[in-house]
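User: Could you walk me through how the pieces of this fold sit against one another? Start wherever you like.
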Amino acid sequence: MADFTIYRLTFRAGFHIGVRGVNMEESGTHIPSDSLFAAIVDAFVRSGGDAEGFARPFQERNPPFLLTSAFPFAGDVRFFPMPVPLDRWFSPETLRERSKDLKKVNFLSEGLFQRMLKGEQMDEWLFPKGEAEPTQGLALQGGVFWLTKEEVERLPEHMRINPQTRRPIPLRALSRHSVFTPQQVPRVTLDRVSSASNIFYAGRVSFASGCGLWFGVHWLQPDRVVSANGPSFREALLTALAILADDGLGGERTIGYGGFSWEEKPEKLSLPDPNDGGLLWLLSRYHPRREELPAALTESPGYRLSAVAGWLRSYQGPSQRRQRLWLVAEGSLIRTAGSGPWGDITDVRPRYLNPAGDLPHPVWRYGFAVGAGVT
């Protein structure tokens, strides 16, 4: 079993996470592990930390910690990524009759996640069609979130109690409650010469009261020092979180997006390790090493790839486009080999003819596989 320390982020004004090139109108609904790791390293360096010392153990495949992506929570209910292949847990009849409903589900609750890890069949746990009263499973946000009936009591009070009558809200009505709300916020840019205005839209994800994002850290060497006379990796991560809480995560931070308050939960999340050669349900993005291919993917029941590109920020050079990298997305089931850790970090600094000169330092993208073993 691997024990994860849980950190919860409650956003003050929502956030913007780029998902498709320079398209500002859309925003991701969770923060991938590679983006979260990059933000932590950047914040640590801005605090005066040693970037080379921080990255070295990850390069040597001796990481002091492993990091999940940041997923939504509602009250005390944590949500996990829906798996890519579903035929392990649902009958062909359910997959055929409820395919549209299943495609809507992006996140499932911890109670359902733990059952699926044990190989249980989930047909009877799926939320009912239409306005039928749920018996075991139910939906939030029109089916984007899937949870169990027993977990309703752990949702924020405003989701389950009518504020006027102080009576419980019918379970079938919970599907109308949202954990987060994607929005397109109008913005205006001014021409520097003519001062002519031009409207554009930026995507933002705002959370309901009592909701936010959580991520897990599996500490392997928390007291290892980053560099001589430097802080430990645990201290470095907490320092970075304190800085990011004020500076924000994601884009559009100059207008207040991305700022958050955070807390470290006292209880640990325990997830089963996969057997040697077993399946791992990914809770992070994953960049396989050469020796892990092709078995990690060709022997996988199902996986999804994410193309990761975009711009980098450096204090030692101008902003530039980093190299594109393909990563295996969260929710994929990969085939493991050995005891791990699986994956690596990759230098994606630009390598092209650049009048500004080459960037003098690496730009690391996190790709270690973190997840739970599937029976």
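User: Which strands form the open sheet, and in what order?
Analyst: In this predicted model, three strands form an open sheet in the order 17-12-20, and their pairing is antiparallel. Strand 17 (333-335) and strand 20 (371-374) stand at the edges with a single partner strand each, so one side of each is left without a neighbour in the sheet. From one strand to the next, the twist averages 35°.

User: What packs on that sheet?
Analyst: Helix 5 (residues 110-117) does, touching strand 12 and strand 20, and its direction makes about 40° with that of strand 20.

User: And how many bridges join strand 12 to strand 17?
Analyst: Three bridges join strand 12 (residues 279-282) to strand 17, the two running antiparallel, and Trp-281 stands opposite Leu-333 in strand 17.

User: Switching to helices: at what angle do helix 1 and helix 7 pack?
Analyst: Helix 1 (residues 33-46) and helix 7 (residues 233-247) pack at an angle of about 95°, their axes lying 8 Å apart, which means that helix 1 is roughly perpendicular to helix 7. Among the residues making the contact are Ala-39, Ala-43 and Arg-46 of helix 1, with Leu-237, Ile-243 and Asp-247 from helix 7. By class, the residues of this contact are nine nonpolar, no polar and two charged.

User: How do the axes of helix 1 and helix 2 cross?
Analyst: They cross at roughly 145° and come within 9 Å, helix 2 being residues 51-59. Phe-37, Ile-40, Val-41, Phe-44 and Val-45 of helix 1 make the contact with Ala-51, Phe-54 and Phe-58 of helix 2, and the contact has eight nonpolar, no polar and no charged residues.

Definitions and conventions
Residues are numbered from 1 along each chain as its sequence is written. This is a predicted model: local features need pLDDT of at least 70, side-chain atom pairs count only at pLDDT 80 or more; totals for chains, interfaces and linings use all residues. Side-chain values use heavy atoms; hydrogens and water are left out. Axes are lines fitted to C-alpha atoms, for helices over the stretch in contact, and angles run from 0 to 180 degrees between N-to-C directions. Helices (H or I, at least four residues) and strands (E, at least two) are DSSP runs, numbered from the N terminus. Angles under 35 degrees count as roughly parallel, over 145 as roughly antiparallel, 65 to 115 as roughly perpendicular and the rest as oblique. Contact means heavy atoms within 4.5 Å. Ala, Val, Leu, Ile, Met, Phe, Trp, Tyr, Cys and Pro count as nonpolar, Asp, Glu, Lys and Arg as charged, and the others, Gly among them, as polar. Two strands pair if DSSP finds at least two bridges between them.
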